[in-house]
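Please open the model in a viewer and keep the selection tool at hand.

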Amino acid sequence: MTLVKRIILSITRRPIKSLLLLVLSFALGTFIGSSYLISRAVNGLETNIKDNLDTYVVISYKDIDEYKNLNNLEYKDNQNKFLEKYNEISMKEYVDNSSLLQYTKYTSFSSWNSNISHPSISFFVDYLKYSVSIMGTDLLFFDFYEETIDIVEGRCINKEDIENQRYVTIIDKDYTYPDGSEIQIGDIVKVEYNKFDLETDGTVTQLNSLEYEFEVIGKYEMKDIGRNKFLDETYLMYPLFIPNNLFSQIKNEIETTNLNKNLNYENNTFIYLNALFKLDSVDSIEDFRNDYLRLFNDSDHYEAITTGDEYYYDIKGSLDNMSMISSVTMFIAGVTSIFIGTLIIYLYLKDRTKEIGILISMGEYKKKIIIQLVCEVAILGLIGLSLSLIASSILGNVIMDHGLNIPSAIIEDYSVNIDIIYIFCMYGIGAVVIIISSIIPVWHLLKSRPKDILL
Amino acid sequence: MKILETKNLSFAYKDGEQNRQILNNVNTSFETGVFYTILGASGSGKSTFLSLIGALEIPQQGCIEYMGKNINDIGLDKYRRKNIALIFQNYNLITYMTAIENVLLAMSISKESAKIENKEAYHYLSQVGIDHSKANRLVTKLSGGEQQRVAIARALSTDVDIIIADEPTGNVDQQTSRQIVEIFKNLAHNENKCIIVVTHSKEVSDESDVVLFLDTSIQNFVIQV
């Protein structure tokens, strides 16, 4: 009778004991496997969520009305300080990209006039007729305001426009020519900066004038959320968006010509009240907050709003809990499975003491006895483990589905998957546990005195 | 032919802090073709002696020689595999195997790489009165007497020179007991085996060729004529 036949007979002729061992290895394998898979999935999920989340920060001036009442010096001081703080934060390692949101506004002695009109914008004085505001933008701006501004015709400002400082603009879809005719994509919009003086009799004297032409490349529609986010009807009226670096160039040009003409330059025709930052990860929010508080703690006028973390921190608690639970569970599962496995295998083999004694009395090689018994345990254990591979995946997915509530906007698909590494780990660890759990009891049993077993 | 010999064999059990001497300088020999019985009172050391010559226990003093060679030099496992076969009072069969599987198991162990034929196993079983249908039953489905016959067939199948039996008739009825004794006599006288039986039964010892009485006062054998 071959060793293989002995093993098969032992397994098949003792079905209850064999089934018990198989069920045990299945249960422990499922327990460990699902813990391991969940732990891996949670770690992967956390990384995935962080990768998928774009973390933006907007620093904005809270009280626009107060801002309006600043005098020139206060305004200049405020703007310079803001610019310094913006530059400092921009240089931080955790900042991927930054944008200073700058725009124009009309003042008592300057205006921006154009050859187009908007049905929602009207002024009762002639020199403010067809006034527009211009806003410098860049790609970060459009990323951030992706859901607030829709390009309904033409295209948006792109990388080439910015790099080449093209005189292009995107305008609100409701802009028309004064006669009501439609503005076409490719048309040229003229914008004129006017510095003037008002006489007591109401006469307007033009002191400086600069004209700029922009090609209309696209039309946008601003959603209500956009209006609430950063528009103020006093400061921004359906702005003409142009590349930010071009805006800076225009600003410099105007400031220079005003100074050259010794004009009383009003700084607040150009405003930057908002700064936009894109952080490298959600984890950097804390670093940003520390820098923000350090730089802006002497001012109640600013606020910082972070986005992206709203989803992440909603679920971070769940993720942390899941990760901790799965790590602890995996550790406990590993330790108890080895302990319980050894115990059960020992009891399974102890039942074979007499058989071992009989085989010894017949002169069977001890190594063959060990091989037979270890193989029996290994076969049953590995069958149980194989079944547990599937069960642990199912169980892991069920637990993950019920344990986390992640918006699909963040991540559409995650799953607790078995892969080749997991399979190797499970079989490898299972084999080690089985061998250690069975060899030690068998060796101990072989050291028993045969006389005591048999006589 | 002298096949087995004990020289100055001694063995003691630890009884608390003291040693209880069971066998003291036992010198005895066994020959092929002879049916031996070993008698003695309970606790006299019969089973101990049997376990020593069966290499299930190691003597504290002295040695056991098979065909003039120390069994330690032969190797205890090899000695049990090739030279002796043991039969126990409680049969000690593999309970999840059939009668024939128990015999085939013994044959595969003793004959190692040799080809084992089922019909050979059936032959050994038939020699002890186990027919074909009973041979294919689980041993637990057989009576005590039938199980003991299977144990004897298992011993026969190893084709060894020495068969050692510990109370082989202890758990069987009288008729079966007589049949077993006849088998042993046949093996000794016709097959030239050395049969060593430990027994309490006078009926069994009366049928044997040599009776060795284990005297507890001297921890040694006395040959009873």
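Which residues touch the most other members of the largest nonpolar core? Select Leu4(B), Phe49(B), Leu125(B), Ile162(B), Ile163(B), Phe184(B) and Ile196(B), which hold that place in a core of 106 residues. A nonpolar core is a set of buried Ala, Val, Leu, Ile, Met, Phe, Trp, Tyr and Cys residues joined through side-chain atoms within 4.5 Å; buried means under 20% relative accessible area, with a 1.4 Å probe and protein chains only. Helix α4 of chain B, residues 99-111, gives the largest share of this core, 8 residues. Helices are DSSP runs of H or I with at least four residues, strands are runs of E with at least two, and both are numbered from the N terminus.

The model is predicted: local features need pLDDT of at least 70 and side-chain atom pairs pLDDT 80 or more, while totals for chains, interfaces and linings use all residues. Residues are numbered from 1 along each chain as its sequence is written, chains are lettered from A and ligands numbered from 1 in the order in which they are written, and side-chain values use heavy atoms, without hydrogens and water.

Next, select helix α1 of chain B, residues 46-53. Of its 8 residues, 7 are buried, including Phe49(B) and Leu52(B). Leaving out residues up to four places away in sequence, Phe49(B) touches, among others, Thr6(B), Phe30(B) and Phe221(B); contact means heavy atoms within 4.5 Å. After the helix comes Ala55(B), with a positive phi near 60 degrees.

Now display the sheet. Its 4 strands follow the order β2-β1-β4-β5 in chain B, with antiparallel pairing, and the sheet is open; two strands pair if DSSP finds at least two bridges between them. At the edges are β2 (18-31) and β5 (69-70) of chain B, each pairing on one side only. Strand β1 (residues 2-15) is joined to β4 (residues 61-66) by 5 bridges, and Thr6(B) stands opposite Ile64(B). Helix α1 of chain B packs on this sheet, touching β1, β2 and β4.

Finally, show both chains. Here 29 residues of chain B are in contact with 24 residues of chain A. The two chains bury about 2,400 Å² between them, 59% of it on carbon and sulfur atoms; buried area is the accessible area (1.4 Å probe) that two parts lose on being put together, summed over both. Select Leu56(B), Tyr96(B) and Ile109(B), which supply 27% of the area that chain B buries against chain A.

Definitions and conventions:
Buried means under 20% relative accessible area, exposed over 50%, partly exposed in between (1.4 Å probe, protein chains only). Axes are lines fitted to C-alpha atoms, for helices over the stretch in contact, and angles run from 0 to 180 degrees between N-to-C directions.
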